[in-house]
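This report describes the architecture of a single protein chain. Please consult the sequence and the three-dimensional view while reading the sections that follow.

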Amino acid sequence: MKPVTTKVPLTQGVLLAGGLARRMGGGDKPMRTIGGRTILERVIARLSPQCEGLILNANGDPARFAAFGLQVVADDVPGFPGPLAGILAALDWTAANRREIEWVLSAAGDCPFLPRDLVARLHEGRERDNAQLAVAASGDQSHPVIGLWPVDLREELRHALIVEDLRKIDRWTARYPLATVTWPIEPLDPFFNANTVEDISEAERLAALDATP
């Protein structure tokens with residue numbers, strides 16, 4: 001078994017907010033408010049201390065996110081092909097702008113309770129399992145949109161998206177050695193995401209259980 005190091009590699013974070021939010025009636029899910037703060041504010045607060053920097057993957061007018069102070073990077077692949085396109089856009093941006101960084105962490109922009117040890121534990125799991133990729137899980141459910149991606153796989157991902165028309169993350173991750181790192185779901189699932197109006201009400205309840213909003 002490969003020994004696990006204590007030093008976390010430099011990691012660029014990307015918040016994926018490129019979805020159409022159909023179950024929420026449209027609009028930007030991360031802009032919904034929980035406990036007086038937008039979901040996006042909460043996500044930024046969780047991930048900023050863990051990453052070398054954050055960018056936001058979103059399509060449409062980037063000005064609507066101006067208050068958050070993040071670089072907004074749109075999909076390069078047309079037609080809203082899903083989160084893999086956002087991950088590819090982040091890999092390309094990192095290769096062009098942060099050449100010293102070899103890893104990108106992707107996270108859903110509608111997960112307000114992300115773990116504070118997300119980046120460290122994903123890297124630890126990747127090293128332990130000698131894997132190329134790492135994704136998060138909680139309970140018995142995998143969350144492939146929340147994971148670590150090496151920048152040097154971007155051309156392989158581009159080929160899968162554009163030439164093969166691949167859309168599902170788990171179909172792509174199945175091609176590589178993959179580490180799955182699991183978090184407990186008590187007192188709350190750290191990967192709870194707000195997909196519906198009802199989920200916003202549940203998130204308000206969960207926010208009260210969260211020690212530090």
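## Basis of the description

Helices, as the term is used here, are DSSP runs of H or I with at least four residues, and strands are runs of E with at least two; both are numbered from the N terminus. On that basis, Glu 164 is placed in the loop between α4 and α5. The model is a predicted one.

## Overall architecture

The protein chain contains six helices and nine strands. Its radius of gyration is 16 Å, close to the 17 Å that the globule rule gives for 213 residues, so the chain is as compact as a globular protein of that length. Along the principal axes, the C-alpha trace spans about 40 × 40 × 30 Å.

Of the 213 residues, 52% count as buried. Considering contacts between residues at least 6 apart in sequence, 71% join residues at least 24 apart. The chain exposes about 10,000 Å², and carbon and sulfur atoms supply 51% of that area. There are 23 positive and 28 negative charges in the chain, and their mean positions are 1 Å apart.

Thr 38 belongs to strand β3, which covers residues 37-38. With a relative accessible area of 13%, Thr 38 falls under the 20% limit and is therefore buried. Not counting residues up to four places away in sequence, Thr 38 touches Pro 30, Met 31, Arg 32, Thr 33 and Phe 68.

Helix α1 comprises residues 39-47; seven of its nine residues are buried, so the helix is largely enclosed by the rest of the structure. The buried residues of α1 are Ile 39, Leu 40, Arg 42, Val 43, Ile 44, Arg 46 and Leu 47.

In soluble globular proteins, nonpolar side chains tend to be buried together. The largest nonpolar core in this chain has 41 residues, of which Leu 15, Leu 47, Leu 56, Leu 105, Leu 114, Leu 118 and Leu 122 touch the most other members. Two or more residues of this core come from each of α1, β4 (53-57), β6 (103-108), α3 (118-128), β7 (133-138), β8 (141-150), β9 (178-183) and α6 (197-209). The largest share, five residues, is that of α1. Apart from this core lies another, of 26 residues, which includes Val 14, Ile 55, Ala 89 and Trp 149.

Leu 122 illustrates the contacts made by a member of the 41-residue core. Its neighbours within four places in sequence being set aside, Leu 122 is in contact with Leu 105, Ala 134, Val 135, Ala 136, Gly 147, Leu 148, Val 181 and Trp 183.

## The loop between β9 and α6

Phe 191 lies in the loop between β9 and α6. The relative accessibility of Phe 191 is 2%, which places the residue under the 20% limit and means that it counts as buried. Beyond its neighbours within four places in sequence, Phe 191 is in contact with Cys 111, Leu 114, Pro 115, Leu 118, Ala 136, Ala 137, Ser 138, His 143, Ile 146 and Trp 183. The C-alpha atoms of Phe 191 and Asp 76 are separated by 27 Å, the two residues being 115 residues apart along the chain.

Pro 187 is also found in the loop between β9 and α6. A cis peptide bond, with omega of about 5°, joins Glu 186 and Pro 187.

Most residues other than glycine have a negative phi, and most peptide bonds are trans. Asn 130, in the loop between α3 and β7, has a positive phi, near 50°. At 54% relative accessibility, Asn 130 is over the 50% limit and therefore counts as exposed.

Asp 165 likewise has a positive phi, of about 60°, although it is not a glycine. The residue is located in the loop between α4 (154-162) and α5 (169-173), and its relative accessibility of 48% makes Asp 165 partly exposed. Glu 164 lies in the loop between α4 and α5 and is partly exposed as well, with a relative accessible area of 36%. Not counting residues up to four places away in sequence, Glu 164 touches His 159 and Arg 175.

Notes: Residues numbered from 1 in each chain as written. Predicted model: local features only at pLDDT ≥ 70, side-chain atom pairs only at ≥ 80, totals over all residues. Heavy atoms only, no water. Buried < 20%, exposed > 50% of the residue type's maximum accessible area, 1.4 Å probe, protein only. Contact = heavy atoms within 4.5 Å. Rg over C-alpha atoms; globule rule 2.2 N^0.38 Å. Areas by Shrake-Rupley, 256 points an atom, 1.4 Å probe, with all protein chains shown as cover. Lys, Arg positive; Asp, Glu negative; His and termini not counted. Charge placed at Lys NZ, Arg CZ, Asp CG, Glu CD. Core = buried A, V, L, I, M, F, W, Y, C linked by side-chain atoms within 4.5 Å.
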